[in-house]
Amino acid sequence: MSQNKAGGLPSLKSTASSLLRSKRVKQNIKNLLKVNQTDGFDCPGCAWGDDKTGRFKFCENGAKAVAWESTDLKVGAEFFAQYSVSELMQQSDHWLESQGRLAQPVKYNKSTDHYEPITWEKAFQFVATAIQKLSPNQIEFYTSGRASNEAAFLYQLFARSLGTNNFPDCSNMCHEASGVALTESIGIGKGTVTLDDFNHADAIFVFGQNPGTNHPRMMNALRKAARNNCTIVSVNNLKEVALERFASPQDPIELLTPAATTISHLYLTPKLGGDFALVRGMVKALVEQNTAFNTEFIESQTQGVDDYLNAIKGTSWSLIEAQSGIDKASIFQAAELFSNAKRVISTWAMGLTQHKHSVIAIQEIINLHLLFGQIGQKGAGLCPVRGHSNVQGNRTVGINEKPPMAFLNTLEKATGQAMPKAHGHNVVQALKALHSKQSKALICLGGNLAAAASDTLFTFDAIRQGELLVNIATKLNRTHLLVSENAVILPCLGRTEIDMQASGPQVITVEDTFSMVHGSKGSTPPEGLDCLSETAIVGNLAQATLGNKLVDWLSLVDDYSRIRDLIEKTVKGFNGFNSKIAQPGGFYLGNSAREFNWQTQSGKAQFSASSLPESVFDDALEAAIQAHKSTVFTLQTLRSHDQYNTTIYGLDDRYRGIKQARDVVFINESDAKKLNMSDGQKVTLTAVDVEDGGIPRLLEGFTLVFYDIPQGNLAAYYPETNILLALDNVGDRSFTPTSKSIPVILTA
Ligand SMILES: Nc1nc2c(c(=O)[nH]1)N[C@H]1C(S)=C(S)[C@@H](COP(=O)(O)OP(=O)(O)OC[C@H]3O[C@@H](n4cnc5c(=O)[nH]c(N)nc54)[C@H](O)[C@@H]3O)O[C@H]1N2
Ligand SMILES: Nc1nc2c(c(=O)[nH]1)N[C@H]1C(S)=C(S)[C@@H](COP(=O)(O)OP(=O)(O)OC[C@H]3O[C@@H](n4cnc5c(=O)[nH]c(N)nc54)[C@H](O)[C@@H]3O)O[C@H]1N2
Ligand SMILES: [Mo]
């Protein structure tokens, strides 16, 4: 049974138990008091912002992330002597990360199949020598969005100084579609709202997002808004408990009694990939009712409205209803709630970005906002809610396989060296290049690419083809084990730890989902860890590979404020960077669209006039589905309440009522009955494109769970389900794996 409210006492209990499991309890509690405070560290949990007023601010899942990082268990020489890499490959992802913090640098020995200790000095030399043998475009520089601005800036400078733009990164699997859609439509790939806007909105539309689990601090903003009579509309494939009723752990009555705040006034459950159809239907409803749009805004600020309205006329109600799975009356109701509000915010996350047609679907939401001028005013605008705590900052400081020329030009001026102009690889392109041995090295600044990317067996093979594998990480994971010849693991400090360099303890900076940049300072001594900071590791690798003729890497490592000076010279919005980070709450990078400065091709905000595609799949996949004799379901892959991406904290998913299991599939009861299947039955999931190139894509022994989910749709947890998704199934123009619409067949 799923719960009837989210938050409340069970959240606090769960926080306490994840802290108590870690032996450094006292330090952990001190750490929590410092999360997202002016002089504390930025929560490694998610990219939601905070007002930094100094009140106690953490959430259950942020607490898990902090406790996970500060474990006393160590993975060092003894551990690697005990287990060979082949033995470690047999263990689960959960087991691997549970072994503790990576505690010293190690290098792979092929003859023994063990990782063995190595000094830092030798490790840097080893990697440098291997890199020097390759041409720069044979190297893939992966990043996960936890790295600081300083580490990420140095990393891109290192790779570009070598001569490549190969920057596959977690954004490619995450909000890439948001970036592409927003940049085309409004000239900047970021959200236009600030946290304060949530205090002034009359309506908030939450599309394809589960904030109760993935952005719990957002629930405080939604709860506050709901209590101020703001209308909240949730659009989600599943009924997520927190979006229905939420109890604040900070409110004594909601904490201890069944009381909770009703969050959503209207809750629509579209079919997977059905959001484009739904929003198109909302606009069609408004047109049919002759609703007055904001003509002044449309005339002065936008381009393309006529083509857009023609596209609306050309879309049939039957396609809208069939694809969205939402009846016309509910679509009219949603449209009315939008048009009646003076100020509307739309937020979205992975339910929107991980589909074939994500870019144009997001643009349809932008279209709706443009019709009413719902952008750039207090309480109104667009809000893609970012995932990793600094994924947005990484992009800002240059982690981008398609860097804008303006960025490269200023980087050339700031550093006095030529930068490569040719576009590099995204995640899918990098994996293909490794698989075909066109690329020969993979360097990872954090993350777990092997588990995070789609087509698990292909991805494993691809990483194993490389001649060199370098992982800069805090915890052992699958990616580190896919070694062929030369590999090192370089253990780094986490956010919560003191980062001591020649000039003293360092501050790093991050950017939240509202374009606020602020400092973050660790407070725990890294006891018993022979770790370096990410920044120091990257700087030393660059020094060992390139020397200090053009960039004095080690002096940058000695004092991170020197890196910030370089960022200030290179990236817009960072004037006075070093002095501004002392400001409580940090500083705002600004947003051109918020100021009606449209940096698009036309110089105006651009309506997108795409027609609604007939199918949520691409043509080949749609044909394969049609050709199939059995019923084909669409599967979405999502997060449980007890995981952080590929890091599995525990096996429960409290809000959805799942205990001690991850190998479950949520299914509509009537769909199951049609197949003569029952709740609790074991099933096999097989991808429609089951074998291409000899890759079997199936999962056996999963358990059916009856759930409130639209007919024809299924849901199961990521990353286990990545095995079902072919690498080529990506979103148009975003290249993002279509993790929320995988066609599968269910058999007993
Ligand atoms: N605790 C915790 N916090 C996290 C993370 C974590 O793993 N754990 N991960 C971080 C990262 S990197 C990210 S990107 C974010 C992810 O945050 P979310 O996007 O909330 O993550 P998902 O679990 O993928 O949830 C997708 C949601 O969209 C819904 N959905 C799926 N498909 C559709 C669709 O087609 N239409 C609609 N309308 N809804 C759909 C699902 O039912 C689900 O509620 O969270 C960040 N924060
Ligand atoms: N099927 C499916 N696939 C998905 C998704 C989905 O919804 N469905 N979501 C996608 C999304 S949104 C994302 S963002 C990606 C996530 O992809 P990644 O960012 O690559 O994966 P994570 O699981 O966040 O990475 C976890 C690892 O990061 C390392 N780590 C943790 N903290 C630190 C640190 O401070 N420094 C360093 N250097 N390392 C650290 C640890 O070793 C840990 O094992 O997955 C994507 N894949
Ligand atoms: Mo993400």
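On helix α16, the exposed residues D306, D307 and K313 sit on the face turned away from the buried side. Here, exposed means over 50% relative accessible area, buried under 20%, and partly exposed in between (1.4 Å probe, protein chains only). This is a predicted model: local features need pLDDT of at least 70, side-chain atom pairs count only at pLDDT 80 or more, and totals for chains, interfaces and linings use all residues. Residues are numbered from 1 along each chain as its sequence is written.

Which residues of α16 are buried? In this helix (residues 305-313), they are V305, Y308, A311 and I312. They lie on the same side of α16 because they span an arc of only 120° around the axis, taken from the directions from the helix axis to the C-beta atoms. Their cover includes α14 (275-288), α15 (295-301), β12 (302-303) and α20 (358-371). Helices (H or I, at least four residues) and strands (E, at least two) are DSSP runs, numbered from the N terminus.

## A nonpolar patch

L9, L12 and L256 make a nonpolar surface patch of about 260 Å². Areas come from the Shrake-Rupley method with a 1.4 Å probe.

L12 belongs to helix α1 (residues 8-21) and is partly exposed, at 35% relative accessible area.

## Domains

The automatic or database assignment gives domain 1 (74-170 + 390-585), domain 2 (176-385) and domain 3 (619-747). Eight residues from domain 1 and nine from domain 2 form the contact between these two, meaning heavy atoms within 4.5 Å. Their C-alpha centres lie 36 Å apart.

Key: Chains lettered and ligands numbered in written order. Heavy atoms only, no water. Patch = residues over 30% accessible without salt bridge, like charges linked within 9 Å, V, L, I, M, F, W, Y side chains within 5 Å. Salt bridge = Lys/Arg side-chain N within 4 Å of Asp/Glu carboxyl O.
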